[in-house]
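Let's take a walk through this protein together, one stop at a time. Have the sequence and the 3D view ready, and we'll begin at a single residue before stepping back.

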Amino acid sequence: MATRVVRQRGTRALIREVMAAETIRLFLEDNQRPYTVGAIQNGVKGLEKRAVEKGLEELMGKGLIEEKIYGKLKVYFLRKDCKKSAKQLNDDLLDIQRHINDLTSKIKDNQGKIKASEEKFAKVREKLTVAEACAKKIQLQEEVKNIKDALKEFDGIDPVRPYVKFEVQQDYEKYLVLYRKRKRLCRDMLDAIFENYPKSKEHLYRDIGIETDESAGFHIETL
């Protein structure tokens, strides 16, 4: 009889732990931000601190959440695996857009120089003497040759098609939304850490090696 009671109590405790872990997992999934044990206990009503700690241990054992330690403070959040971070994807898109803009600007600039030289040649040909026109022609032809030689560096480069630029813009806007969401989550996590941090937020950033967009000179461009 005593053995049966012990087994029943053990089974009930196991069920409570499983339910606590699932409740915590759903809470973290719904809120999408890091939490301390105390914050989870406040957010999930009906769970004691020990139950929250056991639930977190079970979730970490399954690889569903991660724990980060900052001094004496521990925070927990859902794992989200990704090959590249939102910032890296955003930087890649910005590099592509800068490259496209640079090539387009160079091509337009050189085409404008060729057109200006041709127009200038047409005007002077009408007004100068034959000898002067011949000399000017040689000069302008040399200028045109130099410009055409400069354009050779673009040989083999296909012009940027409108649909390619549209796809890049769509991808950029998609990852920009993702970047801003991740940035907001990071700020929420830092705010949670700062609640129990004895120094200023600037000291916190320096202590854990956080670099803000402003300090890094990173600027988001709208396409």
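Start with Asn 110, which is buried because its relative accessible area is 11%, below the 20% under which a residue counts as buried. Keep in mind as you look around that this is a predicted model. You'll find Asn 110 in helix α4, the stretch covering residues 86-127.

Now zoom out to the whole chain. Reading from the N terminus, the order goes α-α-α-β-β-α-α-α-α-α. Of the 223 residues in the protein chain, 26% are buried. The chain exposes about 16,100 Å², and carbon and sulfur atoms supply 52% of that. As for how the chain meets itself, take the contacts between residues at least 6 apart in sequence: 60% of them join residues at least 24 apart.

Next, head for the largest nonpolar core, a set of 16 residues. The ones with the most contacts inside this core are Ile 24, Leu 28, Ile 40, Val 52, Leu 56 and Ile 65. Helices α1 (2-31), α2 (37-43) and α3 (49-61), along with strand β2 (73-78), each bring at least two residues to the core. The largest share, five residues, comes from α1. Pick out Leu 28 and see what surrounds it: leaving aside neighbours within four places in sequence, Leu 28 is in contact with Arg 33, Tyr 35, Ile 40, Ile 65, Tyr 76 and Leu 78.

Further along sits α6 (162-194). This helix has 33 residues and reaches 47 Å from its first C-alpha to its last, close to the 48 Å expected at 1.5 Å a residue. Which residues of α6 are buried? They are Val 168, Tyr 172, Leu 176, Tyr 179, Leu 185, Met 189, Leu 190, Ala 192 and Ile 193.

Val 160 belongs to the loop between α5 (130-151) and α6. With a relative accessible area of 38%, Val 160 is partly exposed. Together with Tyr 163 and Val 164, Val 160 forms a nonpolar surface patch, and the three have about 250 Å² of accessible area together.

Terms used:
Residues are numbered from 1 along each chain as its sequence is written. This is a predicted model: local features need pLDDT of at least 70, side-chain atom pairs count only at pLDDT 80 or more; totals for chains, interfaces and linings use all residues. Side-chain values use heavy atoms; hydrogens and water are left out. A nonpolar core is a set of buried Ala, Val, Leu, Ile, Met, Phe, Trp, Tyr and Cys residues joined through side-chain atoms within 4.5 Å. Buried means under 20% relative accessible area, exposed over 50%, partly exposed in between (1.4 Å probe, protein chains only). Helices (H or I, at least four residues) and strands (E, at least two) are DSSP runs, numbered from the N terminus. Contact means heavy atoms within 4.5 Å. Accessible areas come from the Shrake-Rupley method with a 1.4 Å probe; for residues, only the protein chains shown count as cover. Patches are made of residues with over 30% relative accessible area and no salt bridge: like charges are joined within 9 Å, nonpolar side chains (Val, Leu, Ile, Met, Phe, Trp, Tyr) within 5 Å. A salt bridge is a side-chain nitrogen of Lys or Arg within 4 Å of a carboxyl oxygen of Asp or Glu. The expected span of a helix is 1.5 Å times one less than its number of residues.
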